[in-house]
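Student: Could we go through this structure together? I would like to begin with its covalent links and then turn to other topics.

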Amino acid sequence: MRGLILSLALFPAILLLTGCTSLKGKAKDFLDAGAYEQALEYYQRAVDKDPTDAEARSGLNLARTKYVDKKLIETRMARLGGNSQNAMDLLLDVVQKEKAWQFAPAGQVSGTQEEETAEGLRFLEAKSQQAIASDRPLVGLYFYKHYQPVFESSIPGAYSQSLKKVQAKGKTQCQKLAKLREKGRPYFSQFVARVCGVWGQEQKDLAVINTEIAKTLFNSVSAKYMIEHLEPGLRSELDALIQESFRQTPWHNSNAAKKLPLGITGTFNRQHSEQV
């Protein structure tokens, strides 16, 4: 009886050990075959089952290193093949995974990543020059913000210095647009305020702009129903539906003073049949 109790007590531990061994075996097979994403999955499952398993943790780190190395090679090949945009996307994927894993590559892999990061900054600077030349600094800003994770932990100083050129162009564009504003064009003024806000150049008359825009909009619908045979109970439901739908349109503004007059005509008919 005591032997049976001891066996039952050890049964969960045996199952856990068998499960981890099986997961590590599959992970090792995937790793040897170069299927690093699948190896990552199985090593992670093994670690989740037993966080104290040193072999599983070592295998997981090796799989991560192999995965990053493979992706960095793909990044370099894409760049050398003239597809810098794809290279940047691959590098961004690598950096985001490293951050999620709290993992930093070492040795030659780390050196490759540093080289591709430096090349990535050159790509951003080229995009910046194109955006500045075409007077579209917001396009340049998009690239800087989208790929920021690539640089914030490696070369943040060089990244910030490069970004300043686009920011300077954006502030200059804001000043030019602000001079074109005039009374009676509140929507253009709102557009200018939004553009300038991106560059940290807040407009001081936002409340005035919003008040002017509210004068051109409506707070609700003033519906006049001319629908034959519409039942009184359904009319209130229809009115509520129209009001709610109107609130989702660009013509609605809760601060507006006017109501939108709307005439609704038609014929209502309901048919009902049952068959037992």
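This is a predicted model: local features need pLDDT of at least 70, side-chain atom pairs count only at pLDDT 80 or more; totals for chains, interfaces and linings use all residues.

Student: How many disulfides does a search of the whole structure find?

Tutor: The search finds 1 disulfide. Cysteine 174 is joined to cysteine 196, with an S to S distance of 2.1 Å. The two cysteines link distant parts of the chain, since cysteine 174 belongs to helix H8 (residues 156-180) and cysteine 196 to helix H9 (residues 186-198), 22 residues apart.

Student: Which hand does the disulfide of cysteine 174 and cysteine 196 have, and why?

Tutor: The disulfide is right-handed because the torsion about its S-S bond is about 110°.

Student: Is cysteine 174 buried or exposed? And cysteine 196, buried or exposed?

Tutor: Cysteine 174 counts as buried because its relative accessibility is 3%. Cysteine 196 is also buried, at 0% relative accessibility.

Student: Which residue forms a salt bridge with glutamate 116 at 2.9 Å?

Tutor: Arginine 79 does, 2.9 Å being the distance between the closest N and O atoms.

Student: What is the N to O distance between glutamate 119 and arginine 79?

Tutor: The side chains of glutamate 119 and arginine 79 meet in a salt bridge at 3.9 Å, N to O. Here too the pair links distant parts of the chain, as glutamate 119 is in helix H5 and arginine 79 in helix H3, 40 residues apart. Through shared partners, salt bridges join Arg76, Arg79, Glu115, Glu116, Glu119 and Arg122 into one network.

Student: And glutamate 116 itself, buried or exposed?

Tutor: Glutamate 116 is buried, with a relative accessible area of 2%. Arginine 76 counts as partly exposed, at 25% relative accessibility. Arginine 79 is partly exposed at 21%, and glutamate 119 is partly exposed at 27%.

Student: Helix H3 has come up several times. Where is methionine 77?

Tutor: Methionine 77 is in helix H3, which covers residues 54-80. Methionine 77 counts as exposed because its relative accessibility is 55%, and the cut-off for exposed is over 50%. Together with Ile73 and Leu80, Met77 makes a nonpolar surface patch of about 330 Å².

Student: Which residues is tyrosine 147 in contact with, leaving aside its neighbours within four places in sequence?

Tutor: With those neighbours left aside, tyrosine 147 is in contact with Gln85, Met88, Asp89, Leu92, Phe123 and Leu124.

Student: One last topic, the backbone. What is phi of glutamine 102?

Tutor: Phi of glutamine 102 is near 55°, a positive value in a residue other than glycine. Glutamine 102 sits in the loop between helix H4 (84-101) and helix H5 (107-133). With a relative accessible area of 76%, glutamine 102 is exposed.

Student: And what is phi of aspartate 135?

Tutor: Phi of aspartate 135 is near 60°, again a positive value in a residue other than glycine. Aspartate 135 is placed in the loop between H5 and helix H6 (137-146). Its relative accessible area is 37%, so aspartate 135 is partly exposed.

Technical notes. Residues are numbered from 1 along each chain as its sequence is written. Side-chain values use heavy atoms; hydrogens and water are left out. Patches are made of residues with over 30% relative accessible area and no salt bridge: like charges are joined within 9 Å, nonpolar side chains (Val, Leu, Ile, Met, Phe, Trp, Tyr) within 5 Å. Accessible areas come from the Shrake-Rupley method with a 1.4 Å probe; for residues, only the protein chains shown count as cover. A salt bridge is a side-chain nitrogen of Lys or Arg within 4 Å of a carboxyl oxygen of Asp or Glu. Helices (H or I, at least four residues) and strands (E, at least two) are DSSP runs, numbered from the N terminus. Buried means under 20% relative accessible area, exposed over 50%, partly exposed in between (1.4 Å probe, protein chains only). A disulfide is a pair of cysteine sulfur atoms within 2.5 Å. Contact means heavy atoms within 4.5 Å.
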